[in-house]
Amino acid sequence: MKRIVLIAVAAMMFAACGQPSGRKEASVNPAEYTSTNQDNMQRVRDFLHEAGVYFLATVDGDAPQVRPFGTAEIIEGKLYIQTGYVKNVAKQIAANPKVAICAYKADEGRWLRISATLVEDPRVEVKKAMLDANPGLRSMYDENDGNTAVFFLKDAKATISSFTADPIEIDF
């Protein structure tokens with residue numbers, strides 16, 4: 001039941017972010033983009049790790065798609081996620097890099113919502129760092145396999161909410 005609620009919340013959150021323009025984000029050189037607020041980024045990364053699973057929402061044509069994810073690592077001052085190029089999620093990100101993320105910590109009754117633009121980083125050293133930080137993925141991915149895709153969050157706006165406290169706004 002909790003999973004159904006989380007998926008529904010993530011889908012509603014994604015819909016609330018507005019309709020995608022269908023335009024691709026201008027190319028960004030990952031080596032030149034650095035967050036100005038590492039503490040905020042660390043707070044978001046820690047929340048995602050403590051939640052264990054978060055839900056990533058993308059768009060497939062005109063329909064939202066939501067699926068569970070588990071990777072979130074700060075590498076070279078950017079918050080990265082990982083997937084495989086063969087998956088539909090990678091194709092959806094390529095078509096529209098604007099995404100939404102939702103995570104829930106049931107023991108605290110708090111949730112995190114993020115809207116951001118994902119920027120692909122094709123560098124092998126970043127793929128290796130992501131896989132080294134998540135060794136359980138090594139049975140499915142390798143930094144040189146041509147399938148491993150890593151993306152960092154750009155222009156991220158996050159909110160930590162609960163039913164008992166004011167929301168905490170976090171940008172990075």
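My entries on a helix, aromatic rings, charges and one serine follow.

**Before starting.** I kept in mind that this is a predicted model.

**Entry: a helix.** I began with helix α4, which runs over residues 124-133. Which of its residues are buried? I found Val126, Lys127, Met130 and Leu131. Looking down the axis of α4, I saw these buried residues fall within an arc of 135°, so they line one face of the helix. I reminded myself that an α-helix has 3.6 residues a turn, so residues three or four places apart point the same way. Then I asked what covers the buried residues of α4. The cover includes the strands β3 (73-75), β4 (78-84) and β7 (148-162).

**Entry: aromatic rings.** My search of the whole structure gave three aromatic pairs. One of them joins Tyr54 and Phe69, with ring centres 5.9 Å apart and planes at 35°, so I noted the pair as tilted. Tyr54 belongs to strand β1 (residues 54-60) and Phe69 to strand β2 (residues 63-69), so the pair ties together parts 15 residues apart in sequence. Both Tyr54 and Phe69 are buried.

Tyr80 and Phe152 make an edge-to-face pair, at 5.7 Å centre to centre and 65° between the planes. Tyr80 is in strand β4 and Phe152 in strand β7, so this pair links parts 72 residues apart in sequence. I looked up how accessible they are: Tyr80 is buried at 0% relative accessibility, and Phe152 is buried with a relative accessible area of 0%.

**Entry: charges over rings.** I came back to Phe152 and found the charged end of Lys78 over its ring, 5.7 Å from the centre. Elsewhere, Lys105 lies over the face of Phe47, at 4.5 Å from the ring centre.

**Entry: salt bridges.** How many salt bridges are there in the whole structure? I got 14. Among them, Glu108 and Arg110 meet at 2.7 Å, N to O. Glu108 is partly exposed at 40% relative accessibility, and Arg110 is partly exposed at 24%. The side chains of Asp121 and Arg123 also meet in a salt bridge, at 2.9 Å. Is Asp121 buried or exposed? Asp121 is buried, with a relative accessible area of 0%. I also noted a network in which shared partners join Lys128, Asp132, Arg138, Asp142 and Glu143.

**Entry: a serine.** Last, I turned to Ser161, which sits in strand β7. Ser161 counts as buried at 12% relative accessibility. Leaving out residues up to four places away in sequence, I listed its contacts as Gly109, Arg110, Trp111 and Pro167.

How values were computed: Residues numbered from 1 in each chain as written. Predicted model: local features only at pLDDT ≥ 70, side-chain atom pairs only at ≥ 80, totals over all residues. Heavy atoms only, no water. Buried < 20%, exposed > 50% of the residue type's maximum accessible area, 1.4 Å probe, protein only. Helix = DSSP H or I, 4+ residues; strand = E, 2+ residues; numbered from the N terminus. Arc of directions from axis to C-beta. Contact = heavy atoms within 4.5 Å. Salt bridge = Lys/Arg side-chain N within 4 Å of Asp/Glu carboxyl O. Phe/Tyr/Trp six-rings, centres within 6.5 Å; stacked < 30°, edge-to-face > 60°. Lys NZ or Arg CZ within 6 Å of the ring centre and 35° of its normal.
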